[in-house]
Amino acid sequence: MNRRQLFLSTAKAALLAAFGGGWRATEAKAETPGSPSATEFPDSKVLPTPTPPFSGFIQPNYIESMPGWPPTVMPPEGAPNVLLILIDDAGFGSNTAFGGLVPTPTLDKLAARGLRYTQMHNTALCSPTRAALLTGRNHHAVGFGIVAEGSTGYPGYNSVTPPETAHGAATLKENGYSTAWFGKNHNVPVWEASPQGPFTNWPIGQGYDYFYGFVGGDTSQWEPGCLFRNMTCIHPYMGNPGWNLVTAMADDCIDYITTQTATDPKRPWFIHYAPGATHAPHHPTPEWVEKIGAMHLFDEGWNAVTERIFANQKKLGVVPANAELPPWPDFLPKWETLSPDEKRLYLRQIDIWAAYMAYSDHEIGRIVRKIEDLGLFDNTLIIFVCGDNGMSAEGSMHGTPNEVAYFNGFAFTVEQMLPLIPAWGTDQTYPHFAVPWAFAMDTPYRWCKQIASHLGGTRTGMVVTWPRRITDAGGIRSQFHHVIDIVPTILDAAGIPQPTMVNGIAQRPYDGVSMAYTWDKANAAAASTRTTQYFEILGNRAIYHDGWMANTIPAVTPWEGVAGHPPVDVLNGFKWELFNLGDDPTQTNDLSAQEPARLQMMQELWMIEAVRNQVLPLNASQLAVLTVDRPGPAAGRTQFVYTAPMTSNEFGVAPSIINRSYTITAEIEVPEGGANGVLVTQGGRFSGYALYLMDGKPTFTMNLLDIKRPKWQAGAALPPGRHRIVFDWKMDAEGMAVARGGSGTLSVDGGKVAQLSLPHTQPIIWAWDETFDVGRDTGTSVDEDDYHVPFAFTGTIEKITFDLGETSMTPEAIKAMMEALAKKRDR
């Protein structure tokens, strides 16, 4: 029987059965071409694949024709689900799986059922590592040589992922995977971080079917101001006391897996799961704070903790037997030299961080248990990367209750922080710990986050489980690898070819290589297939080659931040070291003097890699990159007009009033009975500004790092009718280019009602996780003694206008500041 006869027979049987003829229709089998259940694996390096030829045939009449459905695209049979977990700001010694003191039973359990990788590497900074991880290419090659907030107009630093370097998720999606991203997304250009888009560089535009997370470097876990579901900003914490994003994110991920499995059980999924933990702000729930505090894990202080972690690591075999613990840096205080108040503060800081780590591990454990309960664990490839960089030292030497202060060059004293100990980790703080804890948690490696020259900045633990394929349960692997190797490994595991063309754009080949060769026990000691890898962040650089590492010595420390004095001549302003990592795994014995020829060869190799990967031009100044003018809807504009309420625009698309003169004009109508509420605001509890009516009185408040709140307020409430409220800030004609003082005047209907001069203002940036809002406030208030969110305006906004003056932070001024800071360093 030919296909036409088969179809007519089947159709006739179906019709007769429907109308009482008693014939039974035959069922189309899943493998029958053209049937509704037919599937096809593209097996193509060109994505997406063209529409396949029609597999049926068409006659003049429907009854004589045969349908041929396009096959559903699916990956090869048996392709695993993939859960790619990335922890934020966590050092090599920060968890029990790699010798740390903080209990991480979920990670430990996965390590016991899979493999621990002890020489995995990242880029030493957030956005760059994430870009490299998700694309399989080196971070500069995909525009992320620095964090998104520090992007500059050079190909290696512009924060725009090129279409030539598509995310691995896009490849998986085009091969039939469901794809989702939960948590931190630090890879949207700041000028596109808006509900108005464009969304090309959002997860939805990069190959992910679903996104639930925050856009930016970090956010409050209690009241995230930049939390999105797909492209819509949401505020689920409002009216929901005790809500925490760590739990909410796990809940959403569990719902996604459950729904996806019930709806389409044959379709595998890829999930990128990236909690904000343990990046500042450290926001665990009270239950976890109490649980960890009762364990007294750190009471002996950071020096004793470092030694305990190192002993654990030796016992576990996660560091080489010949590894030595580097001496405690002489620029950090030893625990025994501290006062009782200092110890009390620092112990509270580390306990809060540890509770945050343990809490996050617990919530990830709920996801793993759901995968087990659904019977999916055996064929789920779980890749758990234990840090996107080394532990962060961005909390300043004593720690901080407000991380925004660090990026504005302000450091708190111990005395200022002691009264805040009870509130540490609650929604009233945005906290980070003291620098020495970062060094302890990076044990046994030197330095920390931002320092790409040393393994304390770039080496992370990693755990991989896939019971169906990886049978060496509890094994340890010491091959040298990098996060760029993860996408190629996932594609290798799924049997999907690496694409050469995506959406009509020829692809840059992956810089990464598959690690699947390490999975079999027989290959546990196989030589690494990655023999060379360069590193660079903020001028700190290194090159690994055949077991050796040449690296620079940091010229400025991370905790100095924008107040640091880096060299302007970055290429020649750093000294170099040379280490044989086989003999000296922790970089303690510098061989540069003994082997100058090898050092020169390694330096030349670094430059070759730098040119190939768009690393130049080099810069070591945070101040330079955080004050750059960028593209987008705010670029070049001196006037912004808003005629209706709107919320949730992040700082990159808002009018910037920092370091310039400006005028804010609000034209409003007050109804009978008066009006209250926010007219316009940016930021919140930890810094920002707002123009609002409180008790009917026009009020303008600046929140300077939650330390001072200068306020301008009218003496009387506005009567019903139309009104014109103006806040005019005149920056001083002379002074520092950043944080320059000035005088502010609040006027109502042409009459001055308040005036106040300030010696200085916010120097660099408002709280980044709270958005620019008109007509109501989201997140938190700039002054909770005045109002609580949302405090929507109860009158009518006719127009809000920002008129901006010239900035004091011109390119010439930035260059002059960089040169001046470099001269101070040379003294």
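Predicted model: local features only at pLDDT ≥ 70, side-chain atom pairs only at ≥ 80, totals over all residues.
Residues are numbered from 1 along each chain as its sequence is written, and side-chain values use heavy atoms, with hydrogens and water left out.

Helix 13 itself is largely enclosed by the rest of the structure, because 8 of its 9 residues are buried (under 20% relative accessible area, with exposed over 50% and partly exposed in between; 1.4 Å probe, protein chains only). The buried positions are Ile486, Val487, Pro488, Thr489, Ile490, Leu491, Ala493 and Ala494.

The largest nonpolar core comprises 195 residues, and Tyr273, Phe298 and Trp437 have the most contacts inside it. Such a core is a set of buried Ala, Val, Leu, Ile, Met, Phe, Trp, Tyr and Cys residues joined through side-chain atoms within 4.5 Å. Helix 8 (residues 340–373) gives the most to this core, with 16 residues. Leaving aside residues up to four places away in sequence, Phe298 touches Leu101, Val102, Val305, Leu347, Ile350, Asp351, Ala354, Trp437 and Met441 (contact meaning heavy atoms within 4.5 Å). A second, separate core of 37 residues includes Ala654, Ile725, Ala754 and Phe772.

In helix 2 (residues 105–113), the buried residues are Thr106, Leu107, Leu110 and Ala111. Viewed down the helix axis, these fall within an arc of 135° and therefore line one face of helix 2, the arc being that of the directions from the axis to the C-beta atoms. Their cover includes strand 5 (115–121), helix 8, strand 11 (380–385) and strand 12 (459–465).

Helix 2 and helix 8 pack at an angle of about 45°, with their axes 8 Å apart; axes are lines fitted to C-alpha atoms, for helices over the stretch in contact, and angles run from 0 to 180 degrees between N-to-C directions. Helix 2 is therefore oblique to helix 8 (under 35 degrees counts as roughly parallel, over 145 as roughly antiparallel, 65 to 115 as roughly perpendicular and the rest as oblique). Pro105, Thr106, Leu107, Lys109, Leu110 and Arg113 of helix 2 meet Asp361, His362, Ile364, Gly365, Val368 and Glu372 of helix 8.

Helix 5 (residues 245–263) packs with helix 8 at about 10°, the axes lying 10 Å apart, which makes helix 5 roughly parallel to helix 8.

Terms used. Helix = DSSP H or I, 4+ residues; strand = E, 2+ residues; numbered from the N terminus.
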